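Please look over the sequence and the structure shown here. The report that follows takes up a few of its parts in turn.

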Amino acid sequence: MRAVAGQRPALPCCRRQLPNHARLTAQSLQASGVDCLGWIGNHIDPSMQRQDENFATLQQRLPMPCWGRLPHLPGADGEALSAHLHHDQG
């Protein structure tokens with residue numbers, strides 16, 4: 001995918017219970033010429049059913065690599081959350 005001059009790349013953070021919204025966001029960014037580096041799964045509802053199934057659906061539907069899954073950690077700082085991310089910068 002080609003980035004449009006002057007635009008910064010995007011790294012969408014996707015609520016796991018909304019795989020269709022995540023897919024539409026990715027499509028819209030791509031259609032706009034925004035370079036999507038990947039996506040992050042965000043778990044905001046600790047009582048959500050079928051978390052792993054929804055995450056697998058996101059992995060199948062999004063045409064970019066997953067950088068990790070952020071767990072539900074109220075009050076967590078960026079450093080605590082970053083421990084759940086992974087990306088090969090190589």
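## Two loops

Pro 74 sits in the loop that runs between strand 3 and helix 3 (78-82). This is a predicted model, and in it Pro 74 has a relative accessible area of 67%. Pro 74 therefore counts as exposed, as the cut-off for that class is over 50%. Along the chain, Pro 74 and Ile 44 are 30 residues apart, while their C-alpha atoms are separated by 8.9 Å.

Another loop, between strand 2 and helix 2, holds Arg 50. Arg 50 is exposed too, with a relative accessible area of 57%. Its phi is near 55°, which is a positive value in a residue other than glycine. For background, most residues other than glycine have a negative phi.

## Order of the elements

The chain contains three helices and three strands. Read from the N terminus on, these elements follow the order β-α-β-α-β-α.

Of the 90 residues of the chain, 28% count as buried. Among contacts in the chain with a separation of 6 or more, 74% are between residues 24 or more positions apart.

The three strands form an open sheet, in the order 1-2-3, with parallel pairing. Strand 1 (13-15) and strand 3 are the edge strands, each pairing on one side only. On average, neighbouring strands of this sheet are turned by 25° against each other, direction ignored.

Strand 1 pairs with strand 2 in the parallel sense over three bridges. Within this pairing, Cys 13 has Ile 40 of strand 2 as its bridge partner. Strand 2 (residues 39-42) also pairs with strand 3 in the parallel sense, over three bridges. Here the bridge partner of Gly 41 is Arg 69 in strand 3, and Asn 42 stands opposite Leu 70 in strand 3. Four of the five residues of strand 3 are buried, so this strand is largely enclosed by the rest of the structure.

Helix 2 lies across strand 1, strand 2 and strand 3. Relative to strand 3, helix 2 runs at about 160°.

Which residues of helix 2 are buried? They are Asn 54, Phe 55 and Leu 58. Seen down the helix axis, the buried residues fall within an arc of 100°, so they line one face of helix 2. On the face of helix 2 turned away from the buried side are the exposed residues Asp 52 and Gln 60.

## The salt bridge

How many salt bridges does a search of the whole structure find? The search finds one. It is formed by Asp 52 and Arg 69, whose closest N and O atoms are 2.8 Å apart. Asp 52 lies in helix 2 and Arg 69 in strand 3 (residues 66-70), so the pair ties together parts that are 17 residues apart in sequence.

The two partners fall into separate exposure classes: Asp 52, at 54% relative accessibility, counts as exposed, whereas Arg 69, at 28%, counts as partly exposed. Arg 69 also takes part in the sheet, as the bridge partner of Gly 41.

## The nonpolar core

In soluble globular proteins, nonpolar side chains tend to be buried together. In this model the largest nonpolar core has 10 residues in all. They are Cys 14, Ala 22, Ala 26, Cys 36, Trp 39, Phe 55, Leu 58, Leu 62, Met 64 and Cys 66. Helix 1 (19-31) and helix 2 (51-61) each supply at least two residues of this core.

Which residues does Met 64 touch, not counting residues up to four places away in sequence? Met 64 touches Ala 26, Cys 36, Gly 38 and Trp 39.

Conventions:
Residues numbered from 1 in each chain as written. Predicted model: local features only at pLDDT ≥ 70, side-chain atom pairs only at ≥ 80, totals over all residues. Heavy atoms only, no water. Core = buried A, V, L, I, M, F, W, Y, C linked by side-chain atoms within 4.5 Å. Buried < 20%, exposed > 50% of the residue type's maximum accessible area, 1.4 Å probe, protein only. Contact = heavy atoms within 4.5 Å. Salt bridge = Lys/Arg side-chain N within 4 Å of Asp/Glu carboxyl O. Arc of directions from axis to C-beta. Pairing = 2+ DSSP bridges. Axes fitted to C-alpha atoms, helices over the stretch in contact; angles between N-to-C directions.
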